[in-house]
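Here are a few notes to read alongside the model. Have a look at it first, then work through the points.

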Amino acid sequence: PAPKPAPSKEDQPKKEYAVSEYDDAIRGLLDEYVRPAVESDGGAIEFRGFESGTVTVLLKGACAGCPSSTATLKGGIENLLKQHLPEVQEVVAENE
C-alpha cells in the first residue's frame, strides 16, 4: 500500500480560543481603526482570540509575509489595543 501523505496545514486543527469578555471590544477596535488601513494596502486581518493578556490575529492577503507587518502589528495594533484596553499585554500574529 502507498504511504499516507503528510497532513496539510488545512488538516491541522487551529487553536481554539475561549470566548472572553474583551472579544467584542477588541473586534470593534480592529474593525474601526485597523481593518480600513490594512485593506487599503491589500491585506486582511482577522481576530482569532484573547487569552492571558495576548491578542492573536491572523494576517492574510498582502499582510502575510510583508516585512512591515511586524512593525504594524507591534507599533500600531498593539499600542492601539493597549491604550483602549489595559488588559491587553501583547498582540501576536498567526500565519495562514
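1. Start with V91: leaving out residues up to four places away in sequence, V91 touches V55, V57, L73, K74, I77, E78 and L81. Contact here means heavy atoms within 4.5 Å.

2. A quick word on the source. This is a predicted model, where local features need pLDDT of at least 70 and side-chain atom pairs count only at pLDDT 80 or more, while totals for chains, interfaces and linings use all residues. Residues are numbered from 1 along each chain as its sequence is written, and side-chain values use heavy atoms, with hydrogens and water left out.

3. Of its 19 residues, I26, L30, V55, V57, I77, L81 and V91 touch the most other members. At least two core residues each come from α1 (23-40), β1 (43-51), β2 (54-61) and α2; the largest share, five residues, is from α1. These elements are DSSP runs numbered from the N terminus: helices are H or I, at least four residues, and strands are E, at least two.

4. Where does S69 sit? Its place is in helix α2 (residues 69-84). S69 is buried, at 13% relative accessible area; buried means under 20%, exposed over 50%, partly exposed in between (1.4 Å probe, protein chains only). Not counting residues up to four places away in sequence, S69 touches L59 and C63.

Methods. A nonpolar core is a set of buried Ala, Val, Leu, Ile, Met, Phe, Trp, Tyr and Cys residues joined through side-chain atoms within 4.5 Å.
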